[in-house]
Amino acid sequence: MGGSAGVLTSTDGRIRAAWRVVGFVLVAAFCAILIGAVTPGGVVWGSLALLIGSTVAGWLWLAADGRGPGALGFHLSSETVPEAAKGLAVGIGVGLAVIGLMAVLGGVRWTSQDGTAGAWLWGAAGTLAFLTLPAAAEEALLRGYPLQALAEAWGPGRALVATSVVFGALHLGNPGATTLGTLNVGAAGMFLGVVYLRTGSLWWATGVHLGWNWSHGYLADVPVSGLEVMDAPWYEGVATGPEWLGGGAFGPEGSVVATVLVLAATAACWWGPWLQPGSAVLASRPLALVAHGSSGEDGLVTSE
């Protein structure tokens, strides 16, 4: 039975989605600060603290709606590894497509440097592991509880825009940030959000995020959102041509090539039938999914 709506609550008596997201951020920040106070610091520990804080906060708010931990998207099942692996493949594929087209158009080239096959393989594994926690932390923070809660309340379109704007804004302070680069990061957030709403899986979204960062930061050896935290042996990626093409110091995310291909990938995932939630996701009853039905029509699926 419905009730009267107020500033804090909606007609169904639940706290409004925007306030729940604010509460999520406060709990996540509190947990992350506590963990950060007793850990050594640095990228890895900071990312771990944010990941734990965002995961715990998501679990608590989902529990208030009668959902189990799996509804956040980090479910543990036989589908976990395949989903993460497929997401990784998609992220690498889109990331290398951007790099490849930039190279064809003269936006990036490579210079040679010392290195061995063994050093390259060791570095590839190490950087993949190093980048995993930051990717997972950002996905849990933005595409976990906030996106599904807002999608349930506002609809998927507005929820995707809101979380993507925040994602872009979080990178404003990165070295070499440009207007185009910030917009492209927001577009990447839209892409990741679509992957999450289609699958309900943070394994999928984290895999895509990780694959994108790794393909640029290591395989192509160019900056990722202005950051150069890794170096591949044998070669060094160098931006060439005008900044709108080569991305300048911000890397490929500052290039119009990224704009075109990321938006194309987003459209393909949104309107294509190939991204579907697995049985573990459906059993966990997330707050919202965007299902692609057999008739070809999309629909927001909420579970009560």
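Colleague: Where do I start? How many helices and strands are in the protein?

Modeller: Start with the inventory of elements. This predicted model has 10 helices and four strands. Then read their order. From the N terminus it runs α-α-α-β-α-α-α-α-β-α-α-α-β-β.

Colleague: What radius of gyration does the protein have, and what would a compact globule have?

Modeller: Compare the value with what the chain length leads you to expect. For 304 residues, a compact globule would come out near 19 Å. The protein has 20 Å, so the two agree. Along the principal axes, the C-alpha atoms fill a box of roughly 70 × 50 × 40 Å.

Colleague: What share of the residues counts as buried?

Modeller: The cut-off is under 20% relative accessible area. By that rule, 51% of the 304 residues are buried. Look at the surface too. The accessible surface is about 13300 Å², and 72% of that belongs to carbon and sulfur atoms.

Colleague: Which elements do the buried residues of helix 3 pack against?

Modeller: List the buried residues, then their partners. The buried set includes T80, E83, G87, G91 and M102. V94 is also in that set. The partners are strand 1 (108–112), helix 6 (179–199), helix 7 (202–219), helix 8 (243–246) and helix 9 (256–271).

Colleague: Why does A265 count as buried?

Modeller: Check its accessibility against the cut-off. A265 counts as buried because its relative accessibility is 12%, and buried means under 20%. A265 lies in helix 9. Beyond residues up to four places away in sequence, A265 touches V94 and F191. The C-alpha atoms of A265 and V194 are 9.9 Å apart, though 71 residues separate them along the chain.

Colleague: And T182: is it buried or exposed?

Modeller: T182 is buried, at 17% relative accessible area. T182 sits in helix 6. Leaving aside neighbours within four places in sequence, T182 is in contact with G168 and L172.

Methods: Residues are numbered from 1 along each chain as its sequence is written. This is a predicted model: local features need pLDDT of at least 70, side-chain atom pairs count only at pLDDT 80 or more; totals for chains, interfaces and linings use all residues. Side-chain values use heavy atoms; hydrogens and water are left out. Helices (H or I, at least four residues) and strands (E, at least two) are DSSP runs, numbered from the N terminus. The radius of gyration is taken over C-alpha atoms; the globule rule is 2.2 Å times the number of residues to the power 0.38. Buried means under 20% relative accessible area, exposed over 50%, partly exposed in between (1.4 Å probe, protein chains only). Accessible areas come from the Shrake-Rupley method with a 1.4 Å probe; for residues, only the protein chains shown count as cover. Contact means heavy atoms within 4.5 Å.
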